[in-house]
Amino acid sequence: MDGVAPYVTADGRQIGGVLMDMRGITLRFGGVEAIKNISFDIREGEIRAIIGPNGAGKSSMLNVISGFYHPQDGEVWFRGEKRPPMKPYQVARLGIARTFQNIALFEGMSVLDNIMTGRLTHMKTGLLAQAIWKGKAEAEEVANREVVEKIIDFLEIQAIRKTPVGRLPYGLKKRVELARALAAEPKLLLLDEPMAGMNVEEKEDMSRFILDVNDEFGTTIALIEHDMGVVMDLSDRVVVMDYGRKIGDGTPDEVRNNQEVIDAYLGVAHE
Amino acid sequence: MSADFLYGIEVVINGLMAGVLYALVALGFVLIFKASGIFNFAQGVMALFAALTLVGIMEGQVPFAHLINAVFGTNIHHFGWQVPAILAIFMTVLVMIAFAWAVQHFVFRHLVGQEPIILFMATIGLAYFLEGVGDLMWGSSIRTLALGLPQGGSLWVEEMTSGLGGDDFYGFFIDKLDMVATLVALVLVAGLVAFAQYTKQGRAMRAVADDHQAALSVGISLSYIWVLVWSLAGIVALVAGIMWGAKSGVQFSLSLIALKALPVLMLGGFTSIPGAIVGGMIIGVGEKLFEYTIGAPYLGGATENWFAYMLALVFLVFRPQGLFGERIIERV
Amino acid sequence: MLYREAGDFKTSYQADSQTFPIAFDRWRYWAVLVIAFCVVPFFVNAYWANAILVPFLIYAIAAIGLNILTGYCGQVSLGTGGFMAVGAYACYKLMTSFPDVSIVIHIILAGGITAAVGATFGLPSLRIKGFYLAVATLAAQFFLVWMFNKVAWFYNYSASGQITAPERFVAGVAVTGPNTAPWAQYMICLVFLTVCALIARNLTRGTIGRSWMAIRDMDIAAEIIGVNPLKAKLTAFAVSSFFIGISGALFFAVYLGAVEVGEAFGIQKSFLVLFMIIIGGLGSLFGSFAGAAFLVLLPVALKVIGVDVLGWPTDLVAHLQLVIVGGLIMFFLIKEPHGLAQLWRLAKEKLRLWPFPY
């Protein structure tokens, strides 16, 4: 399992080489160590889960990947190159998109405009061309709109296209946020608790979308999730964190039988 | 010691005293901001309004006389009595408390949970409103505030210090009123700190400042606390209004001192009472010194108009939370 | 059945994202333009031009500018008066230094100079947010006004400290100076407003507009999905100041003819334009027009009612005006933070479904 040779999963998906490699990441806030010397990799085409109890440092890890936090120690390798310290928007341009634990949609804009913001990294016309609009800017707008419309079809949210996101129910907001991330056509998609606060049907829908994204677009996905059932069903490999340390890494089955993981989740019996 | 240097010291001392007055206005901002997250742009107009009200009551003016005359064709202006200063101050305090209640009841109660910037813009509206009301109530001419506060330079200080320099140094010129203002400001600050530390209401106020939800859950009435802090801010405004009014007359420009308090707050941090005081001193001394050393000789003077803002601006770029503010860790 | 989408199918993405998706709106838009350009100039007299139309057109440009910065990008500025002053003095210096160049070019260049100044004062916005920034823009306001007051070079060392617009012509017609016909004042402002509004509309509907709104709604999320905050904020400051500079240039050269900086471009002007966009509607171009019209008309209306009809003294009416404006600001922020534009939108939505709302 740990080899770098490409392989094909049981359901026929192609898993390639290492896409992202986190090496010895340590992150401190003042005196608190949120992440302690953690290394793991994410391979092309796989669904990689990060799990752990509350406060384990999962979201911090995602924030390190997306460049929002800068680790004091350790290296981030992306597509075979060491990534220098970057601003979040530069990371986004590398092809890393994400969703947020507490929905971070732009409340003052329509669903369509929100998803169009996901295309920003692909849109290049200058200020002057945009001021004139006719010609270059309009052509670019239409081309990108076509991409966005495909994603809208894919996630089945055609009916709410022009609705302001502020009016949407929670489950749909989560889906719009996924759409915005997908619109960037990312090489790596980070999902921070995509199913938090959802009921069973909504979770099933979301799981289906995640699997479809991975399957149809071949997008590599790293996700944080609390629902163990979902994690075990969805993911190819799982990293388990507890108090900022890595306590397990492997296939769902391996992790499930790891004693340390069981202790972290169920607690250790005190003598 | 050379005379220039001594005059420099005099500038610093006068700057410190001006700074105390800035700090006094800034204090009103901090009170409201800590308890409700409202950045009250109207603080300066409140000072103007309070001073106008005080003068109006003392002189026995009929409120809204101008308007009443216009509407009913009457010709009234004064009740024909004079109210003693102490009683007038007391009545003004009551007016400011009524104002605090009205503000809370009619405006900010309906804006709970709005973004800070919306609240800020609402207070700009409030400033206009209150300025208009003040003018309608008491008229807009320049008034003198005759509270019998000492005025003019202090001869005593001048004589005491004239020996420090050579022949061309005549001692420090320090306005008595500034000395009184400094004293009052210090007493007021001490009083506020004691109030916040040792009384039940003070504790509740600090609880609200810390966390609205938690304060609610232990049974503190938010709207009561907000009326309380607006009242306190009104009283602080009255004191500031008296000091500035006695110094330069009660007129519209009084409300502009509020704008001076803004850079004070940016320096000191919006949540810190010591910050407001230290910030006030820095701005007061800074602008006087800058005017004395650079502004007046090289730049054509009147640099006090903008120096405080520029100082705060430059300072903020390097330390966005101010001197004493808490550092904000951003999260997603 | 005038106001309907039914039967008006959009067959391309261009058609779907056009400015007025409903046919009736498009007709009305053209009708307004035709009346403004072809009818009004023949009827406008000095009173209408000076009291209402020209100030409305000029303030509408300033309001569009501030709305881009505050309504679309979420950065509150109290420096509008100062930036208008930059436009005015830049225009004055250009007019007197290069008398042979067309005034139109001077006004556009004045906008460009203001854009550069605005972007400079926008630099701190990267570190300072919310009302901290609002207060920081006061630095621009006070510093700029002080500078134009103290540095004699800016007013060509005139004894009065005022700047006075020399006479200039566009296509043989005087547009500045004492001999300007009301219709010429009106037309040049109208042309500038139309072009500015079109540019603003194009910028706000595309990539750059979406970056601004993303920064406004949630700056951290915006940065993580790929918005460069430096670029977004600085372009907002620059574009906004460009419009405000043009309005300042027109305000000085075409409308007033002679200005004294503290009087014409003081802090009150900053508040006035801010109030326009709050009352009109933050983040709405239509709101910029509505707010400008409202606050230009209000004093005129109050004067007509209070002074001319009721015979009240002028200063009393002026005080009442403060109370009304301040009260309206609070009212709109409480009841309708999106301003007149939202009321208009709601009315249109009702009309679309009328008479069967369910």
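Analyst: Among the elements of chain B, helix α4 (residues 85-107) of chain B has the highest mean pLDDT, 91, whereas helix α6 (residues 155-161) of chain B has the lowest, 69; pLDDT is the predictor's confidence in each residue, from 0 to 100, and helices are DSSP runs (H or I) of at least four residues, numbered from the N terminus. Chain B as a whole averages a pLDDT of 81, with 89% of its residues scoring at least 70. This is a predicted model, in which local features need pLDDT of at least 70, side-chain atom pairs count only at 80 or more, and totals for chains, interfaces and linings use all residues. Residues are numbered from 1 along each chain as its sequence is written, while chains are lettered from A and ligands numbered from 1 in the order in which they are written.

The part to examine closely is a helix pair in chain C, where α4 (residues 80-97) and α5 (residues 103-122) pack with their axes 8 Å apart, at an angle of about 135 degrees. The two helices, α4(C) and α5(C), are therefore oblique to each other, and α4(C) passes α5(C) in a right-handed crossing. On the α4(C) side, the contact is made by Phe83(C), Val86(C), Gly87(C), Ala90(C), Cys91(C), Leu94(C) and Met95(C). The residues that α5(C) brings include Ile103(C), His106(C), Ile107(C), Thr114(C) and Gly118(C). By class, this contact of α4(C) with α5(C) has twelve nonpolar and five polar residues, but no charged ones.

Definitions and conventions
Axes are lines fitted to C-alpha atoms, for helices over the stretch in contact, and angles run from 0 to 180 degrees between N-to-C directions. Angles under 35 degrees count as roughly parallel, over 145 as roughly antiparallel, 65 to 115 as roughly perpendicular and the rest as oblique. A crossing is left-handed if the near helix is turned anticlockwise from the far one by less than a right angle, and right-handed if clockwise. Two residues are in contact if their C-beta atoms, placed from the backbone, lie within 7 Å. Ala, Val, Leu, Ile, Met, Phe, Trp, Tyr, Cys and Pro count as nonpolar, Asp, Glu, Lys and Arg as charged, and the others, Gly among them, as polar.
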